[in-house]
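Trainee: I am new to this structure and would like a friendly tour. Could we look at it together?

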Number of protein chains: 6
Amino acid sequence: MSKKITTIGEIMMRLTTSGHERFVQSDSYQVTFGGAEANVAISLAQFGMSTSHVTAFPDHDLGKKATAYLRQMRVDTDFVYYYEGRMGLYFLENGSMQRSSRIIYDRFDSAFSNFDGKDIPWETVFEGVDWFHWTGITPAISQNAADMLLRALQIADKKGIKISGDINYRRNLWQYGKSPLDIMPELIRYCDVIVGDNTDFENCMDIQANDWIDACYQAQKDFPKIKYITKTKRKSISASHNQLKGILWNGSEVLNSKTYDITHIVDRVGGGDAYIAGLIYGFLHLEEQEALEFATASSVLKHSIPGDANLVKVEEVMDLVHDKNVGKLLR
Amino acid sequence: MSKKITTIGEIMMRLTTSGHERFVQSDSYQVTFGGAEANVAISLAQFGMSTSHVTAFPDHDLGKKATAYLRQMRVDTDFVYYYEGRMGLYFLENGSMQRSSRIIYDRFDSAFSNFDGKDIPWETVFEGVDWFHWTGITPAISQNAADMLLRALQIADKKGIKISGDINYRRNLWQYGKSPLDIMPELIRYCDVIVGDNTDFENCMDIQANDWIDACYQAQKDFPKIKYITKTKRKSISASHNQLKGILWNGSEVLNSKTYDITHIVDRVGGGDAYIAGLIYGFLHLEEQEALEFATASSVLKHSIPGDANLVKVEEVMDLVHDKNVGKLLR
Amino acid sequence: MSKKITTIGEIMMRLTTSGHERFVQSDSYQVTFGGAEANVAISLAQFGMSTSHVTAFPDHDLGKKATAYLRQMRVDTDFVYYYEGRMGLYFLENGSMQRSSRIIYDRFDSAFSNFDGKDIPWETVFEGVDWFHWTGITPAISQNAADMLLRALQIADKKGIKISGDINYRRNLWQYGKSPLDIMPELIRYCDVIVGDNTDFENCMDIQANDWIDACYQAQKDFPKIKYITKTKRKSISASHNQLKGILWNGSEVLNSKTYDITHIVDRVGGGDAYIAGLIYGFLHLEEQEALEFATASSVLKHSIPGDANLVKVEEVMDLVHDKNVGKLLR
Amino acid sequence: MSKKITTIGEIMMRLTTSGHERFVQSDSYQVTFGGAEANVAISLAQFGMSTSHVTAFPDHDLGKKATAYLRQMRVDTDFVYYYEGRMGLYFLENGSMQRSSRIIYDRFDSAFSNFDGKDIPWETVFEGVDWFHWTGITPAISQNAADMLLRALQIADKKGIKISGDINYRRNLWQYGKSPLDIMPELIRYCDVIVGDNTDFENCMDIQANDWIDACYQAQKDFPKIKYITKTKRKSISASHNQLKGILWNGSEVLNSKTYDITHIVDRVGGGDAYIAGLIYGFLHLEEQEALEFATASSVLKHSIPGDANLVKVEEVMDLVHDKNVGKLLR
Amino acid sequence: MSKKITTIGEIMMRLTTSGHERFVQSDSYQVTFGGAEANVAISLAQFGMSTSHVTAFPDHDLGKKATAYLRQMRVDTDFVYYYEGRMGLYFLENGSMQRSSRIIYDRFDSAFSNFDGKDIPWETVFEGVDWFHWTGITPAISQNAADMLLRALQIADKKGIKISGDINYRRNLWQYGKSPLDIMPELIRYCDVIVGDNTDFENCMDIQANDWIDACYQAQKDFPKIKYITKTKRKSISASHNQLKGILWNGSEVLNSKTYDITHIVDRVGGGDAYIAGLIYGFLHLEEQEALEFATASSVLKHSIPGDANLVKVEEVMDLVHDKNVGKLLR
Amino acid sequence: MSKKITTIGEIMMRLTTSGHERFVQSDSYQVTFGGAEANVAISLAQFGMSTSHVTAFPDHDLGKKATAYLRQMRVDTDFVYYYEGRMGLYFLENGSMQRSSRIIYDRFDSAFSNFDGKDIPWETVFEGVDWFHWTGITPAISQNAADMLLRALQIADKKGIKISGDINYRRNLWQYGKSPLDIMPELIRYCDVIVGDNTDFENCMDIQANDWIDACYQAQKDFPKIKYITKTKRKSISASHNQLKGILWNGSEVLNSKTYDITHIVDRVGGGDAYIAGLIYGFLHLEEQEALEFATASSVLKHSIPGDANLVKVEEVMDLVHDKNVGKLLR
C-alpha cells in the first residue's frame, strides 16, 4: 500500500502572462493554481503516493475550481473548507534570458488567512498518515493560520508521524503583528526534517552562523528532534539557464547531489517544492544519498513543466538519476 | 473644437473566461479593464470627444497596464494617481441562451478605495471641461472616495459644468459604515441629469413612488437642479437575446426611443454605460429626442463588442438611428 | 447526507474542431472527454450528489488524463480500471445554422471493450448506493461489456437499488455477433426507469406499437419492474436553434414539461444525458411533475455549455424551472 | 468523369480579426485567402468537380502560401504564375447583431494587377474544360488584366466552353483610366450566363430599366449569347440574421428558389460566390429549378463556415434542398 | 525539368500537446500529419522536386484532410486511396531540457494496414520516376502492406529506378505473425541505398557485426545491389540540445559530415526523414561529400520547424552547408 | 522634470507568424507595430522620458490602431497625421537555431511615403525638446519624406536640440530616383551623434576607410558637428544565440561595453533601436562609459521581449549593468 502524506497551506490562483510577454503586453492569462505545500502534495501524488491537503477557499466558483484542480491532480480534498474571504492570487510574468521572472502577489484577506480551522478533525485528518509537511508561509499569513498549524503539529507529533518543515522566510508576509521569532521556534520544534538556508535560520530560529554547516549543528542543539536539514544550491546564469544541486546534512555529515545544468527552462516556479517532494519520497523509499539524488532530479525535471506542480513519475526521476533516457524521443 | 468631458471612478481589471466556458472549465482569461465611469469616458473618446478620467491604481505593473489601457482608448490620464492598495478585479463568465452571465467581484482594499485624493488639483482638472460624469459606485466604495467626489462636485458646480450622475445603487457595496441616504442626496443635489429607476430613487434619494414618472417629479421637487432623468428598459429573453429602449423625462414629459431587438449578443457588460455616453454626446450635440435615440442606439451597438467599452463612432450610431447600413458587409 | 449514484460505461476522448471550423479546416482540437453514462454522473456530481463511475481506460497517459477528468468533475474513480486496448475517441465538428454537427467515432478495440471486469467487487461498488444508471451503448460494445453489465444489474437489483436504463439504440455498434434482442431484454428487466422512443423499443424490446404511449403500456406488460418511461421531444429548427420538452409516462398517464426555445446553442452534445441526470435528481428529491421540469430545464442549460457535461448547479436549474434569473447578468 | 471548370482572377490574403473584435481591439489575425472567382473554383472542387484557377502571385513565401491554399482545396495550380508586385490583401472585421462587417482592401500594385499573362498557353488551359467563369473584378483591376481576360474569353468561346460572368461592379476599382462601359460589354458578349442586378446592368452594360426582369430582356437583346441571368435577393435583418433567395431568368420566365432564414451567421463573405458555384454545378447536373435550389442552398450553408470558401459537399447541399438532416447531430 | 520521386507509406494524424505541456495538462492538440516516407516526399517537394506519395486513408473527412495536407505540401495525391479502417494517429508530448519527448501510437487497424493495394497501377505510378523510397515501417504493419511493397519494388527495379530503403526497425510493430527476417531481406535486395545502424542490420538483415563499417561490408556481400549505406549519429545532451552528424559508406570508405550543435530545438520529430530527403536530393544533384553535407544540414534545419515535415528550400540548406546567413535576420 | 525626446519616421504594422512556424505554415499572425524611430521613442517612454513621435498613417481603422499603439506605449501622438496611402506592413517569420528570421516588407505607397508634412508646426513640435532622433530610413522612402526631415533638422538645430541619426542604409529602399549620397550628407551634417558601420559610412557619407575608427575620424573631419559615433558588434551563433557589445567613439578614443551572451532569444527585432534608446537615455543622465553600458544592457534585454519595442524600465537595465537580479524570480 502506498505511503500517505498530508500537507497544509494556502493555495493561490496563478495568472500567468502568455509566452514571454510582459505584464504590460499580455491580454490573456493562463490560469492554474499553486501553493508551496500543495505543490509538494501534488508531486507526491504523481509519484503514486496517497496525499491529502488541508486548506480553505472562498465559497464561490473560483474556490470550487481550486478544489477541482487538487482532485484532478490526485490529491484528496476531504479537508478542503469553504470560508469567508478572497481567493488568494498571484500574477506571474515569465522571464527569459537575462530578464528575471516577476511575481505580483495579491493574497491578503484570503479565505485561508481568515479561516480559524476550529472544526478540523485533526485526529481523522492524520489517520494512517506517514508524513506531514508544512512551510513557514502558513504561520506568516495570520494568527489564525499559525494557531491552526500548531494544533496540527501537536497531534501529528503525538501520533508519531514524520514531520518536515520548509522554513521559507518571506519578509513581505508576517503582517499581523507577530515576528517569526515569536512563532516559528515553537513550530520547528516538532520537525524531523527542515529546509532552510542561513537567512531562514537567522530570521526564524535565531541562529547566527558563519556557514550553513555550523548553522545545522546549532539547529540540532536548539531543536533536538531535527534529524535532517537540507537546501538546494542554485546558480542563476539567466532566467533560461540555471545550475542546481541538493545538499543534505544528516546530523553527522553533509551529502551533495550531482550538479545539473538546467538550460532552456520552461517554468522554474515550484522547483523548490519539487525538491522537497522528491526528498520526502526518497526518505520513505530510498537510502540517504539516493534520496538526495532523487530530490534533485525531481527538481530539475520540474523546470521543464509549465505551472507550479511537478507532474513527473517515479520512473522518470529514476531515469534521470541514472542518466537514462535523458532528452530522448520515447516511442 | 471637440467638447471636453471628465469622469471619475474606479477601474477594475476584468478577467473573462474563454468563449462560453464556465468558471470551472476555463484555463485562460481574457484580460481587459472596466469601470462604469471610465466606460463612459472611453465611449465618448471614440465619438471624438476630449476626455479625461480621474482615478487611482496600485503602483505596480498591473496599475501601469490599466493606465496604458486608458491611453490606448484616447482618454487623458494626467489625473491618474498611483496609491497603496490592490488592483480591483472582477471575474466574468459570459452566459448564453437561458444561462445567465456571472460576475465575481474582488475589489475590496483597492488603491482607489484607499486613495484620499487630497492633492488632486480640481481647478486644473476641470479647466475647459463641459461635462462631468460620476456614478453612485464611487461614494459606495469608501469614505475617502465619497469625500473626494463631493469636493469634485462642488468645484465642477461652481465652474458651471454640466453634471450627470448614474445612481447605480449596489447593495453589495456600502460596507464602510455609511448608508446611501447618508451620502447620496448631498451628491445628487449637484446633478443636471440623473440615471436611475425606482429602486435607485428609493435607496439613494428616499423617494417612494408608484411609478417612475411620479418618482421623477418627486426628484425634481427634492433636487431642483435636476433637469433630466433617464433609464433604459431592458427585457432579457435570454442571455443572447434582449430588448431595449431608452426613456427620458425632460421635466415635463417622458420621451421614448425606438425599441431594439438585440439578438446574438456578444457582450452585454457596459451596455448601460454606453447608453449614458450616448446621451451625454446627444445632449452636447443634438435635440432631445435625437439625443435619446442616439443613446439607445449606442447601447445596442455595445452588445456586439467584446469588453466593457463601446468602441463605435458617431457615424455608426447615427447609421443605426436612421436604419442605414445595419448589419451589412461594408467594403 | 447526499444521495449516491453509480454509473458504468465507456468514456471517450472528445476532439472538437475550433469554433465552427469544419474538419478539413481545423488545425487544432479542443480535448475533453465524454460518455453517455459518465455525463450523467458528472451532472449529478454538480448537483451535489455523491457519484462513482465504473469504467476501464488504457494504461498510459491518455487513460490517466481521462481519470483526472472524472476526478476534477467530482466523480469517484475508485472503480476505474486500466486495461489493454485503445483510448476510445470521437471527433466532433460543431455545426451552426442549417449545417449539422458531425461526429466521427473511433472507438473500436478500446480498453473498455476488451475489459472483462471479472475482478470488480460489485458488492463494494454498490455499498450505500441509491441509484444505478446504465445505457444500451455498453452491451452494444462487446460480449465482455454485456456480461459485466449483467452481473452489475443482478447485484444492484438484489440490493434494492433503483435502476435506470437509457436504451439508446445505436445501429453502428452491435458488431460482436449478437443482436440487441439477444441481449437487451434480459438487462431491461432490471430497470425501474427506462429512456427510449419507439425505435429503441422496437429494436431492443421487440415492441411494435403505433405510438409511444401504447409502447409504454406494452413495455410495462413485458417488463413488469418498469415504473417510468421517458423521452425528450426535440425539434431541430437549425443546429443553432432547437425546441425541447420532456415527456414522462408514470404507468398511468403521460406528463409533459414546458417546451423551451433553445436558440444560440453552444454545444448540444450531452443534452440527453443532462436530461436523464436531471430526472434522476428529480426522482430522488422532487415530485413527479417537478422532476420532469427539472430534467428538461437541466437539458436546456446543457446546450449553453461547451463539452459533453452539464456543469450547472441545482439552484441554476431551479431558477430556470421557475423562470427566475433567466439570461441576466448576475453580480 | 467529373466535369472540369476553369476560373481566373485575383486572390487576396484575408486577415480577419479574432471573434467579434473590432480592428482597434484585435492583436491577432486569422489568415486565409479569398477571391470571388477562386471561391467559386474551390466550392466546385468540394462538389467533386475538376477545377483549375489562373492567377498570379508575388514570388515570395506569401505567394507560395496562396498557391498551397489552392492546392489544399483541390484546385489545380498548373496555371498559377509568379510575378512582380505585392500580395493583394484585405482586412476583415466580422460584425454581429446590428453592427456591420467591415472590409479594408489593400490590393493595389498586386502581382495580379501587374501580370500581363502574355505567356499563358490558353489552348492548354482550356483543354477538356466544360465551363469558364470570370467576374467583373478582373477587368476593373488593370488594363493588363482586362486584356488577358479578353484573350481567355475568345479562346474559351472558340472551343465552345460554357461561360459565366459575375458582373460584380465595384466603384472603388476601375482606377486605370477606363470606365466599365469601355471594357465590359465586349467581355459580357461571350457569356452564356451572367450574374447581376440593375446597378451592374446600368454601369457595365448601359442598360436602364425599371425592374430586373425588364433589364434581363434588354440584356438578351443586346447580348444575344446570354441564356440565363441570375441574382440573389438578400435581406439583412442584422449582421447575424439574413434572409436569402435565388432568382433565375431563363430567357422566358423568372424562377424563384425557396427563401431561407439564415440566422446565427458565422461568416457571410463569399455567400454570393457559393451561390454561383452551386448554380454552375446545377447547370451541369440538374434541371433548371433544381439547379436554382441547389445554388441557394449552397449559399445558405456558406454562411455557417469561417473563411471565404464554401466547404460543403453535394450531399450536404442536396439534404438542405430536400429539408433533410438540417441542423442535426449526425453520428 | 525537376527530378521525380515516389514514396509509399502510412501517414498518421499527429496530435501534439500545446507548448511544453504534458499529456495530463493539455486541453488542446495541434493537428498535423506525419509518416516517415511522406515526410521525405514533402521535404523533397520543398526542394522543388516533383513528388508523389502512395497511401490509403479512411473514406471520411479526416482522410480527406490528410490528402489535403499532402496536396498543400506540393505532393501529388493521384495515388492516394480510400479504404476501410481507421485513421492512424499518434499523440506527441514535446519534451524539453532533460525531459524526453513522448509518443503514444494509435495506429492499429488503420486504412493503410487493411489496404491490399491490388488495383494500384504500378506501371503508371512509376512513369518517369527517378527515385523510389520506402521504409521498414510499411512491411511491419501488415501482410497486405508487405505484399504491396514487394510488388512496387519489383516494378521499380525492373524500370531501373533508384531505390532507397530506411530499415527503421520498430519492435512494437511486426504484430501480424511474421518476423522481420521473414520479410525484410527480400525487400532490401532491391535497394541501391539503405539507411540503418547495427540494430537494424541485426534484426532485419541477419547481420552480426562488431561495428557499423564491418556491417556495411557484410551487407554489401549479402545484398550486392547496395551501393550506399548511411546513418546519422545523434547525441542527446537534452531534449533541447543535440549534436548531429551524417555518416555515409560508399562501398569503399566512410565519409563524415560536419558535426552540428543543435540547441534550442523546436521539434525533432522527422529529423531522420529530413536527412534522407536531403541525401536523395544530394545523390540526384551533388557530389558524394556534398550530398552528405546537404543531408545533414537539412536534418539540422528540420529541428527548428514545428511538425514532422522539413519545410526548407535548397538555398537555405546550401547556406547552412556553406555557413552563410546562419541565424541572421534576413530582410 | 523628465527629459523630452522627439522622433520622426514611418511605423509599419508587423504581422508575425505563430511561435516558430514558417510563413507557409502559419494560419494566424500576431499584430503589433514597429518602426526604427518609434521603437526608440517607446523605449525612452518606458524609461520615464517624455516622448513624442511625428508620423503619418492612413485615415482608416488600421491607422487609428497604430496611433492607439503609440499612446498605449506612452508616446505623445499630437503630431500623428492621417494621409492618403496604405498602412505600411511587414511580415515576420521568427527563426530559431540555425534557421534565420525572415522579413517580407510591404511598405510602398504608404501614407507616410506620400505625406508632404507641409503643415507640421515644427516650432511647436520642438518646444521644450531636449533630443531629436531620426534614421536613414526616412529619407530613403520618398522625396517628400526627405524634404520633411530636412526641415525638421533645420529647426531642431536652430533651437539647439541635440540630434542623433541612425544611418541605417537599406539597399532595398531609395527607389525614388535619388541616391543616398544626394541626400544623406546634408542631413547628417546636423547630427551630434551618429550610428553606423563602414557600409553606412561608405554609402551615405562617401567615406572609404579600412577600419571603423579611421572612418570615425574621417566623419568628424567631414561633418564637424558630430561628437559621438557608435555601433553594436553582434555575433550570430544562431538565431537563438548571439553575442553583443556596444562600441562608442567619443572623438578621441573608442570605448567598449561588456560583451553579453544572449541565448534563448525571444525576439531580436528592434535590438538596435533599443541600443540607441539606451544611449540617448545615457547621454542625458550618465557618464560616457556608463551610458554605453546602459545602451548595451538595454539592447540585451530587448531580445527577451516579443515585439519591436523594448519594454523595460531604467532599474531593470541598471540591474543588468551591475549584474544584479539577473535571471532571478523576483517576488
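Mentor: Let us begin with a definition: a charge sits over a ring if NZ of Lys or CZ of Arg is within 6 Å of the ring centre and within 35 degrees of the ring normal. This is a predicted model, in which local features need pLDDT of at least 70 and side-chain atom pairs count only at pLDDT 80 or more, while totals for chains, interfaces and linings use all residues. Residues are numbered from 1 along each chain as its sequence is written, chains are lettered from A and ligands numbered from 1 in the order in which they are written, and side-chain values use heavy atoms, with hydrogens and water left out.

Trainee: How far from the ring centre of F:Tyr82 is the charged end of F:Lys64?

Mentor: The charged end of F:Lys64 sits over the ring of F:Tyr82. In chain A, A:Lys64 lies over the face of A:Tyr82, at 5.2 Å from the ring centre. For F:Lys64 and F:Tyr82, the distance is 5.3 Å.

Trainee: What kind of aromatic pair do A:Tyr83 and A:Phe115 form?

Mentor: Rings of Phe, Tyr and Trp (its six-membered ring) pair if their centres lie within 6.5 Å; planes under 30 degrees apart count as stacked, over 60 as edge-to-face and the rest as tilted. By this rule there are 84 aromatic pairs over all chains. For A:Tyr83 and A:Phe115, the centres are 5.2 Å apart with 70° between the planes, and the pair is edge-to-face.

Trainee: Where in chain A does A:Phe115 lie?

Mentor: Helices (H or I, at least four residues) and strands (E, at least two) are DSSP runs, numbered from the N terminus. The pair links distant parts of the chain, 32 residues apart, with A:Tyr83 in strand β6 (residues 80-83). A:Phe115 is in the loop between α3 (111-114) and α4 (122-125) of chain A.

Trainee: With which side chain does the side chain of D:His264 make a polar contact of 3.1 Å?

Mentor: A polar contact is a pair of N or O atoms within 3.5 Å; within protein, one must be able to donate a hydrogen and the other to accept it, and residues adjacent in sequence count only if both atoms are side-chain atoms. D:His264 lies in the loop between β15 (260-263) and α10 (271-285) of chain D, and at 12% relative accessibility it counts as buried. Its side chain makes a polar contact of 3.5 Å with the side chain of B:His264. The polar contact of 3.1 Å is with the side chain of C:Thr263.

Trainee: Which residue of chain E comes closest to the rotation axis?

Mentor: Copies are superposed by least squares on the C-alpha atoms of residues with pLDDT of at least 70 in both. Chain E can be laid on chain A with an RMSD of 0.0 Å by a turn of 120° and a shift of 0.0 Å along the axis. The two copies are therefore related as by a three-fold rotation axis. At 4.1 Å (C-alpha), the residue of chain E that comes closest to the axis is E:His264.

Trainee: What is phi of F:Met97 near?

Mentor: Most residues other than glycine have a negative phi. F:Met97 is found in the loop between β7 (89-93) and β8 (101-106) of chain F, and with a relative accessible area of 0% it is buried. Its phi is positive, near 50°.

Definitions and conventions:
Buried means under 20% relative accessible area, exposed over 50%, partly exposed in between (1.4 Å probe, protein chains only).
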